[in-house]
Amino acid sequence: MFTNQYEHTIDGKGRMFIPAKYREKLGSSLYLCMGVDMNLYIMTVEDWEAYRDRLLEAVSETDDRDLLRYFFGCTTDVQVDSQGRILIPASYMEYAGLKDGAVIVGCGKRAEIWAPDKWEAYNRGFDPAAAAAKLSAYRL
């Protein structure tokens with residue numbers, strides 16, 4: 001389970017440290033995906049494979065080819081180096097608006113990498129009352 005928020009720098013080569021707490025869950029290999037909120041997802045191999053299988057079962061290849069192209073074309077496996085860093089491909093950096101820093105946010109079965117300014121903007125638009133109503137509807 002990925003929880004909490006961490007701020008990390010990204011060096012000139014696109015390398016970013018993965019929080020030690022996350023590295024314990026991720027191991028030495030993980031999946032990096034372009035998210036749907038102009039952010040990036042980090043998933044364990046196991047969780048990516050489960051998500052992939054659910055997606056392939058749910059999506060019709062004739063009606064939703066664009067979803068398959070997006071999720072499979074915008075996902076890559078990456079290795080965690082001996083110093084606990086991953087290399088974020090340049091196209092992923094550009095997509096998410098990442099430059100020299102990132103906010104890594106735990107989201108349960110995945111973590112998300114956000115450009116700090118996009119994360120701040122997202123939080124300014126967050127409505128706690130609407131979130132409380134959703135939690136209530138889930139009976140949580």
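This is a predicted model: local features need pLDDT of at least 70, side-chain atom pairs count only at pLDDT 80 or more; totals for chains, interfaces and linings use all residues.
Strand β8 itself (residues 110-114) has four of its five residues buried, so β8 is largely enclosed by the rest of the structure.

## The sheet and its helices

These strands belong to an open sheet of six strands with antiparallel pairing, in the order β1-β7-β8-β4-β3-β5. The edges are formed by β1 (5-9) and β5 (75-79), each of which pairs on one side only. Neighbouring strands of this sheet are turned against each other by 25° on average, with direction ignored.

Two helices that pack on the sheet can be described by the strands they touch. Helix α2 (residues 45-58) packs against β3 (29-34), β4 and β5, and its direction makes about 105° with that of β4. Helix α5 (residues 116-125) touches β1, β7 and β8 as it packs on the sheet, and its direction makes about 45° with that of β7.

Helix α2 has 14 residues and reaches 20 Å from its first C-alpha to its last, which is close to the 20 Å expected at 1.5 Å a residue. Its buried residues are Asp47, Trp48 and Leu55. They cover an arc of only 100° around the axis, which puts them on the same side of α2. An α-helix has 3.6 residues a turn, so residues three or four places apart point the same way. The elements that cover the buried residues of α2 include β3, β4, α3 (65-73) and β5.

On the other side of α2, Glu46 and Glu57 are exposed. Glutamate 46, placed in helix α2, has a relative accessible area of 62% and is therefore exposed, the cut-off being over 50%. Between glutamate 46 and tyrosine 31 there are 9.5 Å in space, C-alpha to C-alpha, for a separation of 15 residues in sequence.

Threonine 44 has its place in strand β4 and is buried, because its relative accessible area of 11% falls under 20%. Leaving aside residues up to four places away in sequence, threonine 44 touches Phe2, Lys25, Leu26 and Tyr31.

Methionine 34, in strand β3, likewise counts as buried, at 10% relative accessibility. Methionine 34 and glutamate 57 are 23 residues apart in sequence, and their C-alpha atoms lie 21 Å apart in space.

## Positive phi values and a helix cap

Most residues other than glycine have a negative phi. Against that background, several residues of this model deserve a remark. Asparagine 4, in the segment before β1, has a positive phi near 75°. Methionine 38, in the loop between β3 and β4, has a phi near 60°, which is also positive in a residue other than glycine; at 38% relative accessibility, methionine 38 counts as partly exposed.

At the N-terminal end, aspartate 127 caps the helix, with a side-chain oxygen that lies 3.0 Å from the backbone nitrogen of alanine 129. Arginine 139, which follows α6, has a positive phi near 65°.

Technical notes: Residues are numbered from 1 along each chain as its sequence is written. Side-chain values use heavy atoms; hydrogens and water are left out. Buried means under 20% relative accessible area, exposed over 50%, partly exposed in between (1.4 Å probe, protein chains only). Two strands pair if DSSP finds at least two bridges between them. Axes are lines fitted to C-alpha atoms, for helices over the stretch in contact, and angles run from 0 to 180 degrees between N-to-C directions. Contact means heavy atoms within 4.5 Å. The expected span of a helix is 1.5 Å times one less than its number of residues. The arc is that of the directions from the helix axis to the C-beta atoms. A polar contact is a pair of N or O atoms within 3.5 Å; within protein, one must be able to donate a hydrogen and the other to accept it, and residues adjacent in sequence count only if both atoms are side-chain atoms.
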